[in-house]
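Hi everyone, thanks for coming.

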Amino acid sequence: MAVAALALLMLGVFRKEDNTRPISVLVILVLGATMMLVSSLGGERHLAFNGLFVADRFSGFAKALILLASAFSVAMSLQYLEKERVSRFEYPVLVLLATLGMMMMVSANDFMSLYLGLELQSLSLYILAAYQRDSLKSTEAGLKYFVLGALASGLLLYGVSLLYGFAGTTNFDGLHNVFAGGHGHAVKPGLGIIAGLVFVVAGLSFKLSAVPFHMWAPDVYEGAPTPVTSFFAVAPKIAAVCLFVRVLTGPFGDLADQWRQVVTFIAIGSMFVGAFGAVVQTNIKRLMAYSSIGHVGFILVGVAAGGELGIQGVLIYLAIYLFMNLGAFAVILSMRQKGRLVEDINDLGGLSKTNPAMAFIMAVLMFSMAGVPPLAGFWGKFYVFMAAIEAHLYTLSVLGVLSSVVSAFYYLRIIKIIYFDECSEPLDRPVGRSIALVMAVSTLVVLAFTFVPAPLVTGAKAAAAVLFPAAG
């Protein structure tokens with residue numbers, strides 16, 4: 001991927017005419033080829049670069065989701081870039097480089113390689129957020145994201161330096177041995193190590209846009225170009241969650257009692273801020289930002305539960321979340337009136353009469369996000385809450401269900417606007433082929449999961465088992 005990104009960058013520079021479309025197609029092919037290479041590795045655990053890099057079933061599962069999200073995002077953005085006249089070949093190349101950083105993150109086995117992957121991803125995303133240079137909102141989004149991202153990186157590095165000072169290593173396996181007493185003496189988790197762990201969790205929580213590090217998400221989601229927002233909402237989230245899981249279950253697996261309280265607090269905060277914050281939104285991109293904060297809260301319920309069952313629930317939720325979000329953003333990208341993009345929720349009024357197919361797709365995705373059975377979103381929540389109950393986290397489960405009820409309000413409000421409100425001005429038709437394909441695939445997955453859950457559930461189970469070799 002690194003070689004392909006550099007080659008495509010050179011190709012774009014030396015070809016004089018506008019070549020965004022051909023380079024985007026090549027990027028999608030590179031992502032597909034990478035997916036095949038990742039799946040060909042098999043399930044064994046491989047270490048590379050002196051233990052800095054690990055390839056196993058867990059990283060393979062995470063990479064498959066990230067590559068899928070990136071390929072769909074590039075395909076969805078083509079029409080937007082041409083219509084908004086911001087068609088530049090750097091866009092797909094930046095997405096490719098960000099994806100490379102994410103794959104590095106989920107395969108990190110050391111805090112050094114983790115930071116390398118995190119920064120490669122972040123630098124690409126800062127540029128993508130401010131991609132529409134002539135738009136005040138877009139440049140503001142990029143600047144906010146950059147300033148707060150730099151702060152989060154500083155917190156993470158400070159935490160890592162504390163951990164290195166007290167434990168003497170940054171390698172995940174080494175840290176695990178130190179805390180588990182693998183060298184004949186276990187390091188007691190004193191104040192220094194706990195402080196380091198809290199800083200690391202804070203730095204990673206920013207990347208998740210989890211409460212209380214969520215303040216950038218609504219502004220950046222609203223200000224960034226819509227295809228960039230759809231990319232932000234999916235791929236970096238998946239990478240950050242998988243990284244979070246690997247860090248907490250690997251080196252800090254024996255300190256679960258210390259970090260579980262922090263993760264539980266973050267999960268409860270995220271679920272309720274996401275639920276109540278979205279209720280008052282009229283801009284659909286801001287609403288999706290609060291929605292994603294809420295979903296991160298539900299995902300963290302599985303992380304707090306820990307154990308194989310909890311992580312399996314997290315992975316299943318991520319896969320379902322990927323399709324629900326991509327489908328919803330495909331609809332948002334199709335919201336045009338007289339060729340102009342609109343973002344107000346009320347612009348969806350009367351969609352059921354003007355475009356019944358798109359109205360049906362949006363209704364299915366909103367019901368799924370609200371967790372209405374038998375759609376896929378319900379099963380995502382079911383798996384994480386079951387894991388929390390197994391881990392005796394009853395209060396967390398009850399609060400999660402209550403916040404889910406609140407969040408159902410704003411998802412159902414969108415459906416009410418689509419089916420029962422009057423149409424002030426119809427949305428343009430037709431939508432682009434690539435966007436229609438993403439909508440169709442997302443809806444199909446959300447509807448079909450109930451009937452064929454086996455491939456995803458068994459894949460997630462095998463991926464989660466890798467992190468708990470003793471239990472397996």
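At roughly what angle do the axes of α9 and helix α12 cross? Before I tell you, please keep in mind that this is a predicted model.

Now, the angle: the two axes cross at roughly 140°, and they come within 8 Å. Helix α12 covers residues 284-305, while α9 runs over 216-223. What do we call such a pair? Angles over 145 degrees would count as roughly antiparallel, so α9 and α12 are oblique to each other. Their crossing is right-handed.

Let's see who makes the contact. From α9 we have Ala217, Pro218, Asp219, Tyr221 and Glu222. On the α12 side, the list is Lys285, Arg286, Met288, Ala289, Tyr290, Ser292 and Ile293.

Next, step back to the loop between α8 and α9, where two things are worth a stop. One is Ser209, with a positive phi near 55°. Is Ser209 buried or exposed? It is buried, because its relative accessible area is 0% and the cut-off for buried is under 20%. The other is Pro212, in that loop too: a cis peptide bond joins Val211 and Pro212, with omega at about 5°.

Why point these out? Most residues other than glycine have a negative phi, and most peptide bonds are trans.

There is another cis bond to find, between Pro373 and Pro374, where omega is again about 5°. Look for Pro374 in the loop between α15 (356-370) and α16 (376-390).

And there is another positive phi: Asn50, at about 60°, is not a glycine either. Asn50 sits in the loop between β1 (46-48) and β2 (53-55). With 81% relative accessibility, Asn50 is exposed, whereas Ser209 is buried.

My last stop is Thr264, which you'll find in helix α11, residues 256-279. Thr264 has a relative accessible area of 17%, so it counts as buried. What does Thr264 touch, leaving aside residues up to four places away in sequence? The answer is Ala304 and Leu396. Finally, try the distance tool on Thr264 and Leu393: they are 129 residues apart along the chain, and 9.1 Å separates their C-alpha atoms.

Definitions and conventions
Residues are numbered from 1 along each chain as its sequence is written. This is a predicted model: local features need pLDDT of at least 70, side-chain atom pairs count only at pLDDT 80 or more; totals for chains, interfaces and linings use all residues. Side-chain values use heavy atoms; hydrogens and water are left out. Helices (H or I, at least four residues) and strands (E, at least two) are DSSP runs, numbered from the N terminus. Buried means under 20% relative accessible area, exposed over 50%, partly exposed in between (1.4 Å probe, protein chains only). Contact means heavy atoms within 4.5 Å. Axes are lines fitted to C-alpha atoms, for helices over the stretch in contact, and angles run from 0 to 180 degrees between N-to-C directions. Angles under 35 degrees count as roughly parallel, over 145 as roughly antiparallel, 65 to 115 as roughly perpendicular and the rest as oblique. A crossing is left-handed if the near helix is turned anticlockwise from the far one by less than a right angle, and right-handed if clockwise.
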